[in-house]
Amino acid sequence: MLTLLTSAQMRHADQFTIVNKPIASIDLMEKAARAFVQCFIRDEFDAGKSIAIFCGKGNNGGDGLAIAHLLLVNGYENVKVYIVNFSAKQTADFAINLQRLDESRCKKAIINQPADLKHIKPDLIIDAILGSGLNKPLTGDYAELARAINKLNKKVYAVDVPTGFFAEGSLTSNYNGVKAYKTICFQRPKINFFFPESALATEKYEVANIELDEDFIQKQDTDFYLTEEKDIQKILKKRKLFSHKGTYGHALIIAGNTNTMGAALLASMACLHTGAGLTTACIPESGLTALNTALPEVMALLRVEYMRIEHPAKYQCIAIGPGLGIDAENERLLESLITANRELVIDADALNILAERPDLIKKLPKHSILTPHLKEFDRLFGEHDTWWERVQTAKAQARQLQIVIVLKNQYTFVCLPDGKVYINPTGNPAMAQGGMGDVLTGTISGLVAQNYPAADAVIAGCYIHGQTGDELAKEQYVVTASQLALNIAKEIKVLTTR
Ligand SMILES: NC(=O)C1=CN([C@@H]2O[C@H](COP(=O)(O)OP(=O)(O)OC[C@H]3O[C@@H](n4cnc5c(N)ncnc54)[C@H](OP(=O)(O)O)[C@@H]3O)[C@@H](O)[C@H]2O)[C@@H](O)CC1
Ligand SMILES: Nc1ncnc2c1ncn2[C@@H]1O[C@H](COP(=O)(O)OP(=O)(O)O)[C@@H](O)[C@H]1O
């Protein structure tokens, strides 16, 4: 798990590295500039392009000056630095790099007001005006300059963070900073890169390693972690010798309705391919033919016979919700399961039923797993203006109710009962199609059935789901939910043998 740090914590990591490595602060800045240039050159190898580098007078601007010098050394001839002179203050390392630049042949101009930007026509822009030192929203000249840079309509590479972008905390939908094509940040992604509103500030990001003290960074007290492939490899177990279907658990998927039987099929299919020993779909009678035709391995339990579930010990996992439908019968079924105090995987319509029954939310069995998308989440826990606020609520609710909340999005936030949030890095827009959430529910259920603890099942389930989608998207414009379900077993094999 990679710890994700706030700007203040990153500053401590800088300082710790400076003192303990030891390395002079100006040398660390040089390292950052080198790391940036290495990434930049990989993308923009045409050294003939004209590059405008906008530098503030803090350390972010100091990086910009060092980057200018390094680009010249690397053969980029048309580099020009624009010093943004809106403040009298400058940092010591900025001053050192400015002197170095003055001694070089790099072209330089001073921007005293945003209007000075009028005649600039670069091919590319590097934004090093304000970095992680941003401490208030942009106003006045800074806001106007950002607007003017955006109006140039050029590809912008941001150093560490786009000017005006807060690395953590609530992001508003009226972002007024620099809009970057790519942000090349140092050592760790910023927490806010994983929140959907960040798309207004940067299309993508890349992390450049500047050799800060990793041990120190990993030990920092944080609520945010980024899941890595090696974590999943640690979680997943190989199939055992002499094992049989009983070894891998029995999952019950309560799902489907007349017009939404596909959801039950998709969730059951994913459960099957994730490796549950047995899968039973609890569906209405109208779905029997479809189930028996499409998924001969899956057993059926008619929903009218649901009272049989009153002996839930038979199942190692009970999931409820995909395509379920909202009616009194299903509400009664959900209530009886919650009252039986067996941990559940709860998705889709079962979440919508819960939203109407706050009394049941309070009674949720500990370690139950809720998998809401944005709308389901807000129906359950109230409207939120920003994703940051939504994740804060998810964290608090997961802790208070001692459950796992899987808040789904491009980057899914897995909120655990201990208040920690694990951000899932896999998945892609080719997966943005109906049924994908049903497949996630089936994947998580398949892992719970195999006796993985709730937290492991969810962290691994989200990763596998997204990774399977990523592999398919390499060759496809869109990935359908059933295709994804069919490919899960292949991806788990890769993850357990790599
Ligand atoms: N050794 C290291 O530490 C390393 C650091 N590195 C680099 O340093 C960057 C952080 O640099 P930094 O801390 O100097 O802050 P930076 O972003 O340049 O801002 C400067 C000043 O701007 C001001 N300001 C803030 N908000 C404002 C606003 N809205 N409108 C107007 N002004 C505003 C504020 O001044 P204040 O308002 O407090 O007087 C602030 O102090 C980091 O992103 C990375 O690129 C790398 O080289 C790796 C090694
Ligand atoms: N752009 C995307 N990038 C990554 N994952 C995505 C993207 N779009 C959708 N997904 C994934 O697909 C699933 C969609 O879930 P949900 O909205 O419940 O779908 P449905 O209700 O149609 O089954 C989630 O796991 C989500 O993370």
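Guide: A residue is counted as near a molecule if its C-beta atom, placed from the backbone, lies within 6 Å of that molecule. The model shown here is predicted.

Ligand 2 comes first. There are 18 residues around ligand 2, and those that come nearest are Gln-410, Gly-427, Ala-432, Met-436 and Gly-437. Helix H15, which covers residues 436–449, gives the most to this shell, with four residues. Sorted by class, the shell around ligand 2 contains 10 polar residues, six nonpolar and two charged.

Ligand 1 can be described in the same terms. The residues around ligand 1 number 26, and Gly-58, Asn-59, Asn-60, Gly-131 and Gly-133 come nearest. Two of the elements that supply this shell are helix H2 (25–43) and helix H3 (59–73), each with at least two residues. By class, the shell around ligand 1 is made up of 11 polar, 10 nonpolar and five charged residues.

As for the chain as a whole, the division is into domain 1, residues 14–217, and domain 2, residues 229–497. Taken over C-alpha atoms, the centres of domain 1 and domain 2 are separated by 42 Å. Contact between the domains involves eight residues of domain 1 and eight residues of domain 2. On the side of domain 1 that touches domain 2, four residues are nonpolar, three are polar and one is charged.

How values were computed: Residues numbered from 1 in each chain as written. Chains lettered and ligands numbered in written order. Predicted model: local features only at pLDDT ≥ 70, side-chain atom pairs only at ≥ 80, totals over all residues. Nonpolar A, V, L, I, M, F, W, Y, C, P; charged D, E, K, R; others polar. Domains from an automatic or database assignment. Contact = placed C-beta atoms within 7 Å.
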